[in-house]
Amino acid sequence: MNEFNNEVWFVGAEMSPLVKAGGLGDVMGSLPKVLLKAGMNVKVVIPYYKKIISKNLIEIKETYPAGKVNFGEIPFEFGIKTGTAAGEIPIVLIEQNHFFDRDEVYGSHGGVCAYKDNLWRYALFAHGAVYAMRVLGVPLIAHTHDWSGGILPAVVRQTFGDKKIRMEGGAEGILNAKINKRVHANGLRPALVFTIHNLGYQGVYGMDDFYDIGLDFKYNSSESYEHFGTFNALKGGIKLSDAVTTVSPTYAGEITTPEYGFGLDGELRNLKEKGILKGILNGIDLDYWNPATDSFIGCNLNLKKDKYTLEDYGEWENFKLKNKKLLFSKIGLEAKAAKNGRSLPLIGIVSRLTEEKGINEFLNALFNWNDFPFQAVILGSGKDYIEEKAAYLAKIYKDKVFTLTGKYDEALSHKIYAASDIFVMPSKFEPCGLSQMIAMRYGCAIAAGDTGGLHDTVSDIANEAEKKPSGILIKHKDANGIAWALNELYNIYAFNKDKWSGIVINSANKHFGWDDSAKIYENLYYDIIDK
Ligand code: ADP
């Protein structure tokens, strides 16, 4: 007998603030919180990264008997622990020390040097999560994420069967019941939702690997994981799920084209035609990212309101100046004055340093400048050659640029958002992007690639119909295009204070919280178990 709980389980590899390598962590930390507040029963399932998760962020309440899976001839045991995270979110931890008690989430250099056994690690995680369903009760919805969550749909199907739970007309009352309810339903599986946070990472391995990760042979097919002779975890994940979402409306369209589809555009076009693929914009946690209360920054914004007016610009200027001073004294830079006496605008970067983020082109743009009229603080980790180039820029412009690479530094990231005048994110593609939303909340003007979620969130100065611009969207995402955008913003900053104040206030007024998008996810859950 399958015992279902009226629950939604988020199953994924990261969850902020416990463990975060990028935007996936932010979403797994913040969306469940909003859904819980809306009255849903939500649990977050993550691997138990013992070295990474700080003990004071979790409270473990129960430990359950171990489960087991065979990978080829090799048996692996795993444990299940339940408790709460950050004081309020119910969590299920999948414990397997050989795979998860490591220094990094995916591998070193922001995951660029990936652990060789990542497929085994996240396959074991999927088996652990499904075992947890058998022990704790099956959720009505299993919502999984990215290639590392791609094995879950197959394990769910081979364990509970292909037939999805269905509650015609009753889903809303049951899922949003605010109390725990049990439903008995034999031979049925939970509904499966899959979110693509980044199509650039698909979990591609040799087809031989398929035989080692405890999946039924029937999934060795182009209708699931096989893709032109390779094993593709993300492809299987989307093919075997009931609904597929991605993290912004524009990206949902882009990934159905060969340019952005990374070889899966055909599959995604199919899903779109069937109405299975939707773009739902991510939000940020507006309580955590709040310039008025943020405890990582030295000086909080002296205004506690939701909507700012141009009269508030003075406070914002003050906020920026003070945080710039505090940041500079921490990193050993001195504020430089421009010819008109104003301090040079500060460019901030907080990013993974990979090709897709366009930081290499940004650095090229800066190297080519004659009289570099900015200061810059760059925080990021990723590809060696980009890290080295960023470090070299700081060497050349000793008095203007500070670079910290190879590190994930949450506290410094907050200080950079608070101090920067211009936040640069020249991504070649960007599924949603959270950094630009955070930067706008902290009153930065944005210079961003015109793509995906950046297109959906940044209001472009160059668009004449735009009444409330918050930055520039760069169409030609090369060094010249980036230099052009920086030059435009510099001219406004230095010579047109009215326009600049407007941009800062427009940015700060853009609240990308979760309320609207959480409601869309809620309705999606009702829809798929109604059908
Ligand atoms: P992605 O998920 O592609 O890396 P997003 O913009 O969606 O990009 O999310 C990036 C998140 O990771 C933001 O919250 C950003 O502040 C954070 N981040 C990225 N690199 C670092 C770093 N080196 N140190 C601290 N935070 C970082």
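In helix α16, the residues Trp500, Ser501, Gly502, Ile503, Val504, Ile505, Asn506, Ser507 and Ala508 are buried, where buried denotes under 20% relative accessible area, exposed over 50% and partly exposed the range in between, as computed with a 1.4 Å probe on protein chains only. The structure is a predicted model, in which local features need pLDDT of at least 70 and side-chain atom pairs count only at pLDDT 80 or more, whereas totals for chains, interfaces and linings use all residues. Residues are numbered from 1 along each chain as its sequence is written, and side-chain values use heavy atoms, with hydrogens and water left out.

Apart from residues up to four places away in sequence, Ser507 touches Met440, Arg441, Gly443, Cys444, Ala445 and Ser470.

Several of the elements named above belong to, or pack on, a sheet. This open sheet of 6 strands runs in the order β18-β17-β16-β19-β20-β21 with parallel pairing, two strands being paired if DSSP finds at least two bridges between them. Its edge strands are β18 (401-405) and β21, each of which pairs on one side only. Neighbouring strands are turned by 15° against each other on average, direction ignored, with axes taken as lines fitted to C-alpha atoms, for helices over the stretch in contact, and angles running from 0 to 180 degrees between N-to-C directions. Strands β20 and β21 pair in the parallel sense over 4 bridges, and Ala447 stands opposite Ile472 in β21. Helix α9 packs on the sheet by touching β16 (346-353), β17 (375-382) and β18, and its direction makes about 60° with that of β17. Helix α15 also packs on the sheet, where it touches β16, β19, β20 and β21, and its direction makes about 165° with that of β21. In the loop between α14 (452-457) and β21 lies Glu466, which is partly exposed, with a relative accessible area of 27%.

The chain is divided into domain 1 (2-283 + 515-529) and domain 2 (310-508), the bounds coming from an automatic or database domain assignment. The centres of the two domains, taken over C-alpha atoms, are separated by 34 Å, and the contact takes 22 residues from domain 1 and 24 residues from domain 2. Between them the domains bury about 1,700 Å², 60% of it on carbon and sulfur atoms, buried area being the accessible area (1.4 Å probe) that two parts lose on being put together, summed over both. On the side of domain 1, Lys20, His109 and Val112 lose the most area to domain 2, together 25% of what that side buries.

Helix α1 (residues 23-37) has 15 residues that should span 21 Å at 1.5 Å a residue, in agreement with the 21 Å between its end C-alpha atoms. This helix is mostly covered, 12 of its 15 residues being buried, and the elements covering them include β1 (3-11), β2 (42-47), β5 (89-95), β8 (138-145) and α17 (515-530). Just after α1, Gly39 takes a positive phi of about 105°. Pro47, placed in strand β2, is buried with a relative accessible area of 0%. Its contacts, leaving aside neighbours within four places in sequence, are Gly12, Ala13, Ile53, Leu93, Ile94, Phe100, Tyr122 and Phe125. Pro47 and Arg121 are 74 residues apart in sequence, yet 9.2 Å apart in space, C-alpha to C-alpha.

Terms used. Helices (H or I, at least four residues) and strands (E, at least two) are DSSP runs, numbered from the N terminus. Contact means heavy atoms within 4.5 Å. The expected span of a helix is 1.5 Å times one less than its number of residues.
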